[in-house]
Amino acid sequence: MSTENEGTAVPPAPSAPPVPVDAPAAQAPQGESAHGQGAPGDAAQQGVSSSAPDPSWPPPPPPAGPSYGGGDGSGAGPGAWGSSYQQPAPKRRRGGLAAAVLIAALVAGGVGGGLGYTLAKDNDESTGSTTVSASTSGGDVKRDAGTVAGVAAKALPSTVTIEAESTSGEGGTGTGFVFDKQGHIVTNNHVVADAVDGGKLTATFPNGKKYDAEVVGHAQGYDVAVVKLKNAPGDLKPLTLGNSDKVAVGDSTIAIGAPFGLSDTVTTGIISAKNRPVASSDGSGSQASYMSALQTDASINPGNSGGPLLDAQGNVIGINSAIQSTGNGGFGTGQSGSIGLGFAIPINQAKYVAQELIETGKPVYAKIGASVSLDDSSKGAQITEQGAGGAAPVEPGGPAAKAGLKPGDVITKLDDRVIDSGPTLIGEIWTHKPGDKVTITYERGGKQHTVDVTLGSRVGDS
């Protein structure tokens, strides 16, 4: 599935999830180096197709899909059932009684009105108001830790609005959250991309304090970046990281971000799905990012990217990154908005990437060492006959070669995950670390085979 970042239309993705959005997207190559670098599409994308291998890395964005990260009833006609009702003529001798009843009613009404007025007047004179006041004011209400208000109150002070600006003055707004006490902030790569080469970067806390920041490291393929505050305050409170592997469909979610620049916005929802294959891009021709995402219906819009997706206890379970959208959005921006299909990078993966970026400044990707087709076939990830840039489709001495995989083999499962396309395979491989052993199921000549593969590694995005 493809999606869009920051509200711009983007690449498509695997055949499973949402129907991709109609939006411009760069043409994707047919094969991609099987580092597990292939192809799905900011708050995801669906379907990736291409025609020829591309020697460059990361792979180009797949064709259209989601992107990174708003009766009359008919009345009955005239006429009725049966004949019309005729009011009977009143009998004169009852006129006096009717008048007497009317006068009595008026007198009673007058008495009641008088009593009501007198009571209200007395009450006004004694209390000065007839309104009813609560025993406690809003500020005195205790909001338990498990409530949305309680979670928001605790998490907001550790969430920042990020403004990135390139040397040419171009840029945008996103979100990030405090990762550690040393001043590291985790966000999306596409949020800070404009400021990577000599641009300007600032982070503003809900209390209004703004800090200059610098990019420590960024991973385009994972769409994760780490920035560090300059002159960071000593009282930073990192958000607690949860376990995204333990999340269940139906669990409550809380998203914090700056949708359309509206800082410190809180929205709620649930986990709608797990392991959603997503390829996302910002629609500007940049390379796609791949994830096996958490899907949520919490409202995510342009500007939410990089913000935390929290569970009901306030633990970070994901980084809001992409949305599936249906066209232009509000505020006159022409940007797409939320339709309840948001996608977040699982925090277990993002934590590993962030730690690598802090330690070395470069991302490390797991790979199988084979080039796979980016076509959205729904039958699996096929190892291409030709590798990217004329290279061998199966890297000599690489993990796939050692496992006996060959060009033409179609990978249909990785462990217990069904693989329906090259982009899906890439997203699943990248949820692992180099050195992990995985079980690959593949088809060759109409027969199914299973083999264990120890994943290799590649450092950097290029």
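**Ground rules.** I number residues from 1 along each chain as its sequence is written, and side-chain values rest on heavy atoms, with hydrogens and water left out. As the model is predicted, local features need pLDDT of at least 70 and side-chain atom pairs count only at pLDDT 80 or more, while totals for chains, interfaces and linings use all residues.

**Barrel.** I looked up the strand order first. Helices (H or I, at least four residues) and strands (E, at least two) are DSSP runs, numbered from the N terminus. I take two strands as paired if DSSP finds at least two bridges between them. I found 6 strands closing into a barrel with antiparallel pairing, in the order β3-β4-β5-β8-β7-β6. On average, neighbouring strands of this sheet are turned by 40 degrees against each other, direction ignored. For such angles, axes are lines fitted to C-alpha atoms, for helices over the stretch in contact, and values run from 0 to 180 degrees between N-to-C directions.

I then checked what packs on the sheet. Helix α4 (residues 347-360) does, touching β4 (171-178), β5 (184-187), β7 (210-219) and β8 (224-229); contact means heavy atoms within 4.5 Å. The direction of α4 makes about 55 degrees with that of β8.

**Strand β6.** I followed β6 (residues 200-204) to its partners. With β3 (residues 159-165) it pairs in the antiparallel sense over 5 bridges, and Glu165 stands opposite Lys200. With β7 the antiparallel pairing has 3 bridges, and Thr204 has Lys210 as its bridge partner. β6 and β7 form a hairpin with 5 residues between them, and Gly208 in the turn has a positive phi of about 95 degrees. I count β6 as mostly covered, with 4 of its 5 residues buried. Buried means under 20% relative accessible area, exposed over 50%, and partly exposed in between (1.4 Å probe, protein chains only).

**Second largest pocket.** On a 1 Å grid over the protein atoms alone, a pocket is an open set of points where a 1.4 Å probe fits, with protein on both sides within 12 Å along at least five of seven lines; lining residues have an atom within 4 Å of a point. I noted a volume of about 390 Å³, taken as the space filled by probe spheres set on the points, which are joined across faces, edges and corners. The lining has 20 residues, and Asp245, Asn275, Pro346, Arg417 and Thr431 lie nearest the centre. β10 (265-281), β11 (289-296) and α4 each give two or more residues to the lining. I read the lining as 6 nonpolar, 7 polar and 7 charged residues. Here Ala, Val, Leu, Ile, Met, Phe, Trp, Tyr, Cys and Pro count as nonpolar, Asp, Glu, Lys and Arg as charged, and the others, Gly among them, as polar.

**Strand β14.** All 5 of the 5 residues of β14 (residues 342-346) are buried, so the strand is largely enclosed by the rest of the structure. I found 3 bridges joining it to β11, antiparallel, with Leu294 opposite Ala344. Another 5 bridges join β14 to β13 (residues 316-323), also antiparallel, and Gly318 has Pro346 as its bridge partner.

**Helix α6.** 8 of the 8 residues of α6 (residues 422-429) are buried, so this helix is largely enclosed too. Among them I listed Pro423, Leu425 and Glu428.

**Arg444.** I placed Arg444 in strand β20 (residues 437-444). Arg444 is partly exposed, with a relative accessible area of 29%. Leaving aside neighbours within four places in sequence, Arg444 is in contact with Gly404, Leu405, Lys406, Asp409 and His449. The C-alpha atoms of Arg444 and Ile411 are separated by 9.2 Å, at 33 residues apart along the chain.
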